[in-house]
Amino acid sequence: MIVNQPVTRALPGLLTSVSLAFALLVTALPAQAQETELPSIGGAGGGLIAGQQESDIGRQVMVSIRRSAPRITDPLVYDYLSAITYQLVPYAPLQERDLTLALIDSPAINAFAVPGGVVGVNGGLFLNAVTEQQFASVLAHELAHLSQRHFARRMEQQATNAPLTLAGMIAGIVLSAVTQSDIGFAAIAGSQALAAQNMLAYSRAHEQEADRIGMDILASAGMDPSGMPEMFEIMMRQNRLQGNRLPEYLSTHPLTQSRVADTRNRAAQYPDEKIRDGQEYHLMRSRLQVHYAPSPEVAVETFEAYLEQADPKRIDAIRYGLSVAYLENRQYEKAAGILNELLEKNPGRITFQVTLAEVRLAQNRPDDARAILTEALARNPGNYPITYTLAEAEIADGNGAAAADYLRQLTRTLPGQEHLWLKLAEAEGMARNIVGVHRARAEYDVLMGDLEAAQRQLRQAQEKLPAGTPQRQIVTERLAEITSRLNAQSNG
């Protein structure tokens with residue numbers, strides 16, 4: 001089942017020193033406790049943004065995204081996005097390859113990459129990219145921007161020309177990442193809005209460089225560079241259909257017919273290889289098509305219609321989409337029937353196993369879900385979707401301690417996924433481990449940029465632990481780290 005990250009807070013107040021015109025953007029939003037420490041641009045180093053500053057920018061961008069942008073936290077979709085991204089990363093000329101991925105819950109075409117190694121993708125990219133090659137081309141293009149520091153260089157240029165502080169730039173990035181950026185920019189008066197748009201838009205030279213490097217990344221990773229001009233043509237068609245309203249992606253990535261032609265010519269220079277899509281892309285695309293359908297009933301009708309005209313090579317993905325639609329429409333046995341047939345044909349396929357377990361959980365049959373997932377985990381130790389769904393099965397069965405064990409494993413490997421900390425707090429509460437609840441909530445608050453709340457949670461955990469115990473020492477050290485950051489923030 002698709003899980004949405006709830007929007008629990010408004011856009012954070014990252015605007016301490018922003019000009020009055022940009023402050024108008026946030027005056028209507030409620031104030032929250034937040035982290036306002038910001039990296040600075042320039043200095044003795046000649047005006048360039050340093051590596052550590054880029055890391056700080058990335059951290060602030062993720063705080064903003066977590067607090068303001070609806071997110072898809074479905075482990076299956078996230079796991080696929082991570083796998084395809086890191087299939088490309090070894091061939092990208094990146095200085096820092098430890099990326100942070102953000103999956104935005106919006107049906108619009110959009111993707112972005114900003115300093116600090118943050119790469120964001122809208123769910124709508126899956127809807128509009130018909131092939132995996134097209135989808136990967138957008139990721140490769142963004143990795144190319146990141147490798148060439150295009151956004152950082154753009155900010156350096158704008159720093160002396162635009163009356164926007166870095167905080168405003170970060171907020172602009174977030175507004176670009178979600179689909180309400182036009183509303184955000186409408187709140188900025190005249191020249192300020194123009195400056196923000198100019199800061200966000202890549203130059204023609206940067207786009208051409210990202211096209212060229214992105215196609216090299218695709219080819220080196222064993223994917224088809226033709227996916228890039230094909231994706232551009234899809235965007236151009238959307239542009240024509242939408243009239244005066246540009247697709248979100250094109251507002252920051254200007255696209256012309258000559259650029260499409262140029263990438264088509266470049267793609268023709270690579271060896272002509274027939275590269276097949278991986279099945280997993282089409283499974284995730286079907287999953288998200290159900291997610292964005294107007295209703296479960298419409299999703300069922302749509303996939304039943306797809307079956308009548310299905311390409312034999314895509315039949316399993318369509319049948320999988322129908323099973324997910326049946327699940328969402330509470331037709332559980334129909335969903336299970338399809339998934340069992342798919343598993344007979346594809347034994348051990350994780351996506352089918354996890355989805356079948358989701359069906360059993362929806363039927364309030366946690367024992368059946370546990371049996372499916374325990375066997376799957378034995379063959380795939382540490383797998384994110386399997387482990388997470390097992391935790392959900394244990395919670396459904398009232399086994400908070402077992403669920404917490406699984407979730408602690410996940411928070412060690414995916415510490416930046418804030419929804420995991422919330423789920424861990426839930427499991428710890430069920431297990432009556434109050435110290436565990438405080439610790440998990442503290443890590444959630446850190447990711448949300450609320451260091452004061454994290455400090456309070458850790459102090460409460462510390463008070464409940466006997467002096468001299470290893471667990472108290474761990475809590476005390478983490479509390480010291482958070483306090484140090486808060487002090488630095490206050491003195492900054």
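Residues 437–464 have end C-alpha atoms that lie 12 Å apart, and the span is 86% helix and 0% strand. In the UniProt record, an unreviewed entry, the annotation "coiled-coil region" covers these residues, 437–464. The model is a predicted one, and its chain has 25 helices and five strands. Of the 492 residues of the chain, 55% count as buried.

**The chain as a whole**

- The accessible surface of the chain comes to about 20600 Å², and carbon and sulfur atoms account for 50% of that surface.
- When contacts between residues at least 6 apart in sequence are considered, 68% of them join residues that are at least 24 apart.

**Helix α15**

- Helix α15 runs over residues 296–308, and at 1.5 Å a residue its 13 residues should span 18 Å, which agrees with the 19 Å that separate its end C-alpha atoms.
- The buried residues of this helix are A299, V300 and F303, and because they cover an arc of only 100° around the axis, they sit on the same side of α15.
- The exposed residues E301 and E308 are carried by the face of α15 that is turned away from its buried side.
- The cover over the buried residues of α15 includes two helices, α14 (279–291) and α16 (315–328).

**Helix α17**

- Helix α17, which spans residues 332–345, has 14 residues and reaches 20 Å from its first C-alpha to its last, close to the 20 Å expected at 1.5 Å a residue.
- Its buried residues are A335, A336, I338, L339, L342 and L343, and because the arc they cover around the axis is only 165°, they fall on the same side of α17.
- On the face of α17 turned away from that buried side are the exposed residues E344 and K345.
- Among the elements that cover the buried residues of α17 are α16 and α18, of which α16 is also part of what covers the buried residues of α15.

**Aromatic pairs**

- A search of the whole structure finds ten aromatic pairs, and one of them is formed by Y80 and F135, a tilted pair with 6.2 Å from centre to centre and 50° between the planes.
- Y80 lies in helix α3 (residues 75–88) and F135 in helix α5 (residues 132–147), so this pair ties together parts of the chain that are 55 residues apart in sequence.
- Y384 and Y388 form an edge-to-face pair, with 6.4 Å from centre to centre and 80° between the planes.
- Because Y384 and Y388 are four residues apart in helix α20 (residues 384–396), they are separated by about one helical turn, and each of the two is buried.

**Contacts between parts separated in sequence**

- E280 lies in helix α14, and its C-alpha atom is separated by 8.4 Å from that of A317, a residue 37 places away along the chain.
- Leaving aside neighbours within four places in sequence, I350 is in contact with N380, N383 and I386.

**Two arginines with positive phi**

- R330 has a positive phi of about 65° although it is not a glycine, and R330 is found in the loop between α16 and α17.
- R330 counts as exposed because its relative accessibility is 67%, where the cut-off for exposed is over 50%.
- R432 likewise is not a glycine and has a positive phi, of about 60°, and R432 lies in the loop between α22 (418–430) and α23 (434–447).
- With a relative accessible area of 73%, R432 is exposed.

How values were computed:
Residues numbered from 1 in each chain as written. Predicted model: local features only at pLDDT ≥ 70, side-chain atom pairs only at ≥ 80, totals over all residues. Heavy atoms only, no water. Expected span 1.5 Å × (residues − 1). Buried < 20%, exposed > 50% of the residue type's maximum accessible area, 1.4 Å probe, protein only. Arc of directions from axis to C-beta. Contact = heavy atoms within 4.5 Å. Phe/Tyr/Trp six-rings, centres within 6.5 Å; stacked < 30°, edge-to-face > 60°. Areas by Shrake-Rupley, 256 points an atom, 1.4 Å probe, with all protein chains shown as cover. UniProt positions renumbered as here; feature names shortened; annotations may be inferred.
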